[in-house]
Amino acid sequence: MIYPKNFEQKIGFDEIRNMLMERCMTTLGKSRVAQMTVSTDGELINQWMRQIHELRNIRQGQEQLPLGPFSDIREGMKRLRLTGTYLEEEELFDLMRTLQTIADLVKFLKQGEEDKDEKMVYEHPELALLTDGVIPMSTVVQRIMQILDKFGHIRDNASPELANIRKELARIQNSISGILNSILHTAQQDGLVDKDVAPTLRDGRLVLPVAPGLKRKIKGIVHDESASGRTVFIEPTEVVEANNRIRELESDERQEIIRILRDIASYIRPHCEEIIFSLTFLAKIDFLQAKTDLAERLGGMEPEVMDTPYIDWIRAEHPLLKLSLQKREGASLIPLDIMLTPEKHILIISGPNAGGKSVCLKTVGLLQYMLQCGLSIPVGDRSKVGIFRDIMIDIGDEQSLENDLSTYSSHLMNMKNMMKQASDDTLILIDEFGTGTEPAIGGAIAEAVLGQLLQKKAWGVITTHYQNLKHFADSHEGIANGAMLYDRHEMRPLFQLSIGRPGSSFAIEIARKIGLPETVIQEASDIVGTDYIQSDKYLQDIVRDKRYWESKRQNIHQQEKELEARISHYEADITNIEKERKEILRKAKQEAEELLLESNRKIENAIREIKESQAEKEETRKIREEIDHFKKEVETIDTKESDDKIARKIEQIQQRKERHAKRKAEKVEREENAAKQLRQTTATSAPKSEKPLEIGDEVRIKGTKSAGVIESIDGKMASVIFGDMRTKLRLDRLERNLKSPVDENQMSKSDAMRENLQAKSISHLTQQTIDDHRKDFHQDLDVRGMRGDEALNAVQYFIDDAILMGMPRIRILHGKGNGILRQLIREYLATEPNVTHYADEHVQFGGAGITVVDL
C-alpha cells in the first residue's frame with residue numbers, strides 16, 4: 001500500500017517520472033512509464049536491476065545496441081485486422097522500419113554459444129529473456145521494401161500499371177511546361193507579365209500569374225485570385241485539356257496505389273497479432289533504455305535486493321537535489337549514511353531547522369520508491385537494500401476547507417491510517433512528528449503513537465524537535481536516535497546524519513545569529529529554565545564529542561584499512577619470497593643433479609680406464625659406492641627444510657665437488673707422470689729422430705700401440721692406414737713407431753711364433769669388431785626423450801664409435817625444449833679431446849634442436 005494518494009508528489013517522484021518520459025523515444029516507452037508502479041516481488045526487482053546493468057555494460061562495450069528508428073504503430077495494426085483496410089504509405093514505411101529494428105534487436109540480444117550440454121548461453125541473458133515469443137518479420141520487411149523506396153514512397157515499379165501511369169503523367173507534365181513557358185515568354189515580350197514571373201500551381205493545375213487589368217489579354221480560365229487582389233491565376237486555353245488529362249492520370253495513380261496498398265495489407269494481415277506482440281517487446285526496450293539513461297544521469301547503481309525489509313545505505317543522495325545543486329557553481333550535495341535494521345528499525349532524527357532533516361526523510365522515501373519501481377538509485381556500491389509492502393508518508397500541510405480538516409487534524413488522520421496499516425514490513429515516514437497543536441499534548445500523543453508503531457514492529461524515519469521523543473528512543477529497544485550535525489562555531493548546518501545520539505535544535509544560537517535582541521534571548525532562557533538550557537548544552541556537547549570521537553573512529557578505521565593493505569602487501573611479498581626460495585632450491589637441486597651427472601660421467605670414464613688397466617674390482621666397487629651415496633644425498637634434499645640446513649647441504653655438495661676435482665687433478669698428475677716416465681724410457685731405449693714424418697713411414701697415435709702407415713700428407717693432416725681402416729689425423733697426434741733395438745735374430749723361434757699367433761688373433765678380433773660396428777653405425781644419434789645421464793652415456797659411446805669408424809662429422813638430435821639436454825651434451829663435448837668443433841645445425845635442417853660435431 002502506498003499512502004497517501006499524492007505520495008509521488010510529496011516525495012518528488014512525479015519529477016522522476018517526467019524525466020523518464022523525456023528519455024523515451026516513442027509513445028511505446030512513454031506508455032510503460034505511465035504504467036510504472038512499485039513492486040513487492042524481490043526477484044522481479046532484481047531482474048529489472050540486472051536488465052539495466054546489462055544494458056549499461058552494452059553501452060560501455062564496443063558493440064552498441066542496434067536501436068534503429070521505430071514508431072508506435074499499434075493503432076494502424078489494430079485497424080489493419082479488419083478486412084479491406086490498408087495502411088497509408090507513411091504508416092507502411094513506419095511499419096517497415098519498426099520491424100527491421102525488432103529483427104536487429106532480437107539478433108543482437110540472442111548472441112551466445114552452446115555449452116557442453118548443448119544449451120544456449122547468451123551474452124546478455126536477462127535481455128535475451130525479453131525476446132521470448134518475438135518473431136522477426138523478415139519476409140514482411142522484404143515485401144514492403146519491394147514497393148517502397150528509401151524515402152517511404154511507392155516505387156514506380158511497384159506494378160506495371162503504375163509504371164505506365166507515371167510515365168504518361170511525366171510526359172504530359174513536360175508538354176504542359178513547354179507550352180506554358182512559350183505562352184509566358186510571349187506575354188513577357190508583350191509586357192503583359194513581369195519578367196520574373198514563373199508558372200505556378202493552383203488546385204493541381206499549372207497556371208500563369210497575371211495582373212487583373214490584363215487578364216483579358218490572355219485567353220484562358222481564371223482559377224484563383226491572390227489575397228491582395230493584385231494577381232489572378234489564369235489557365236491558358238492551350239493547356240486546359242492537358243491539365244484535365246493530368247487530373248485523370250493522378251486519379252488513376254491514386255487508385256493503383258490503393259490497390260497496391262490493399263495487396264500488401266492482405267499479406268500483412270495474418271501477422272497482425274505477432275506484430276502487436278513484438279511492439280510490446282519494443283516498448284520494454286524503449287522503457288529500459290530510458291531507465292538506463294536516467295541511471296547514468298543520476299549516477300545510480302543497481303544493488304542486489306533482499307526480499308525482506310532492510311536499509312543500509314552508504315553515501316545515499318537525493319537525486320533531484322543533486323541535479324539542482326549541480327546547476328549552482330561551487331555547490332555540492334553531501335551524501336547520507338542511513339541504516340535501518342531489524343534491531344533498530346525506527347530512526348528518530350532531531351536537529352536544527354534547515355539542517356537537512358526533511359531532506360533525509362524525503363531521500364529515504366524517494367530512493368525506496370524508485371528502487372521498488374525498478375530504477376537505479378544513487379547509493380554506494382557497498383549498500384544493502386530491501387523491500388517494503390507498505391510505504392506511508394506524512395509530510396507538509398494537509399489542511400482542507402472542503403473536508404473541514406485543520407493542519408493538526410490532517411496529521412492525526414494520517415497517524416490513524418498509519419497505525420491501522422502498520423506491520424513488520426511497513427515503512428512509515430513522518431516529518432515534524434507531533435507539531436500543529438499545543439506542544440505538551442502534541443508530544444504526548446506523538447509518543448503514544450510511536451509506542452504503537454514500535455509494538456507493531458513497523459519501520460520508520462521520523463523527524464522531531466520534542467525532547468520526550470528523544471528520551472523515548474533512548475529508553476526503548478528497536479528505536480535509534482539520530483542527529484543532523486551543526487557547526488556551533490561557524491553557526492552553520494553540516495547536513496550530515498549521525499546515528500546514535502539525539503541532536504539539539506540550537507534555537508538559542510540561531511536566534512543570536514540572526515540578530516534577535518539579547519534581552520529577548522535572555523528572557524526566553526529564563527522562561528524555559530536553566531535546567532533545560534543546561535540539558536540542551538549538554539546535548540550539544542555530547543554531539544560535539546560524538547563528532548570528535550567519530551572523526552577519531554574514522555581515522556582509526558582508515559589506519560586499519562591502511563594497515564590491512566600493508567599486511568596484505570607483506571603477505572604477498574612473503575608469498576613471492578617463498579616462491580623465489582623454492583625456485584632457488586629447485587635450481588640448486590638441478591645444479592646438484594647436473595653435478596651428479598658430470599660426476600657419473602667422469603667416474604664411469606675412470607672405472608672404464610681402471611678396468612682397461614686391469615685394476616682390482618674392490619677399488620671399482622668403492623668408487624661406485626661413493627658416487628651412489630653422493631647421488632642419494634642430492635635426491636633427499638627437501639625443499640621445505642630450513643634455509644640453514646639447505647645451505648649446509650649445498651656446502652657439503654660443493655665440498656664433495658672440490659674433493660672430486662682434487663682427486664681428478666691427482667689422477668691427471670699421476671697419468672702425466674706415468675706418461676713422462678714412459679717417454680723417458682722410450683727415449684733411452686730408442687734413438688731419437690727429429691726427421692719429419694713422410695709418406696710410407698710407420699706411425700702410431702700418441703699414447704697407443706696400434707701401428708699404421710702414412711698413405712698421404714696434406715698440409716698438417718695425414719691419411720693413415722691401420723690394418724683395413726683408413727683415417728685422417730693431424731700430424732701432431734702421430735709419432736714414429738720405433739722398434740726395439742734388440743736384434744730380431746736373437747729372439748727364440750718359439751717366442752717369434754707365439755708373438756706372431758698373438759698378433760694374428762688380436763688383428764682378427766679387432767677387425768671383426770670394426771666390421772660389426774660399421775654395419776650398424778649411423779651418422780645421426782637421437783637422444784630425445786632420454787634422461788640426462790642416459791643421453792650422456794649414449795653420446796659418449798657414439799663418439800667412441802665414430803672415432804673408430806673414422807667419421808669426420810656426426811649429428812646429435814636432442815630437441816629444443818628448455819635447452820637442458822642441449823646444455824649437458826655441449827658441456828660434455830667441451831671436455832672431449834677428440835672433438836674439434838661443435839655448433840647448431842643450419843636453421844633449415846633443425847637449428848638449435850641438433851648439434852653438429854666435428855671430430
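Helices and strands are DSSP runs, numbered from the N terminus. In this predicted model, Pro4 falls in the loop between β1 (2-3) and α1. The peptide bond from Tyr3 to Pro4 is cis, with omega near -5°. Most peptide bonds are trans.

Aromatic pairs were examined next. A pair of aromatic rings is described by the distance of the centres and the angle of the planes. The count comes to 3 aromatic pairs. One of them joins Phe7 and Tyr369, whose ring centres lie 5.2 Å apart. The planes of Phe7 and Tyr369 meet at 40°, so this pair is tilted. Phe7 belongs to helix α1 (residues 7-11), and Tyr369 belongs to helix α13 (residues 357-372). The pair therefore ties together parts that are 362 residues apart in sequence. Phe7 has a relative accessible area of 1% and is buried. Tyr369 is buried too, with a relative accessible area of 5%. Both values fall under 20%, and buried means under that cut-off.

Tyr369 also pairs with Phe13. Here the ring centres are 4.7 Å apart and the planes stand at 75°, so the pair is edge-to-face. An angle over 60 degrees counts as edge-to-face. Phe13 lies in helix α2 (residues 13-23) and Tyr369 in helix α13, 356 residues apart. This pair, too, links distant parts of the chain. Phe13 and Tyr369 are both buried. Ring pairs link Phe7, Phe13 and Tyr369 into a cluster.

A charge also sits over a ring elsewhere in the model. The charged end of Arg143 lies over the ring of Tyr267, 4.7 Å from the ring centre.

Helix packing was examined for two pairs. Two packed helices are described by the angle between their axes and the distance between the axes. The axes of α2 and helix α3 (residues 27-35) come within 8 Å and cross at roughly 165°. The two helices α2 and α3 are therefore roughly antiparallel; the cut-off for this class is an angle over 145 degrees. The crossing of α2 past α3 is right-handed. On the α2 side, Arg17, Leu20 and Met21 make the contact. On the α3 side, the contact residues are Lys30, Val33 and Ala34.

The second pair comprises helix α9 (residues 160-189) and helix α10 (residues 240-268). Their axes are 9 Å apart, and the packing angle is about 155°. By that angle, α9 and α10 are therefore roughly antiparallel to each other. The crossing of α9 past α10 is left-handed. Residues of α9 in the contact include Glu161, Leu162, Ile165, Arg166, Leu169, Ile172 and Ile176. Those contributed by α10 include Ala242, Arg245, Ile246, Leu249, Glu253, Ile257 and Ile260.

Backbone angles complete the description. Most residues other than glycine have a negative phi. Glu432 is not a glycine, yet its phi is positive, near 55°. Glu432 lies in the loop between β13 (426-430) and α15 (439-455). Lys457 likewise has a positive phi, of about 60°, although it is not a glycine. Lys457 is placed in the loop between α15 and β14 (459-463). The relative accessibility of Lys457 is 53%, so this residue counts as exposed. The cut-off for exposed is over 50%.

Technical notes
Residues numbered from 1 in each chain as written. Predicted model: local features only at pLDDT ≥ 70, side-chain atom pairs only at ≥ 80, totals over all residues. Heavy atoms only, no water. Phe/Tyr/Trp six-rings, centres within 6.5 Å; stacked < 30°, edge-to-face > 60°. Helix = DSSP H or I, 4+ residues; strand = E, 2+ residues; numbered from the N terminus. Buried < 20%, exposed > 50% of the residue type's maximum accessible area, 1.4 Å probe, protein only. Lys NZ or Arg CZ within 6 Å of the ring centre and 35° of its normal. Axes fitted to C-alpha atoms, helices over the stretch in contact; angles between N-to-C directions. Parallel < 35°, antiparallel > 145°, perpendicular 65-115°, else oblique. Left-handed = near helix turned anticlockwise from the far one by under 90°. Contact = heavy atoms within 4.5 Å.
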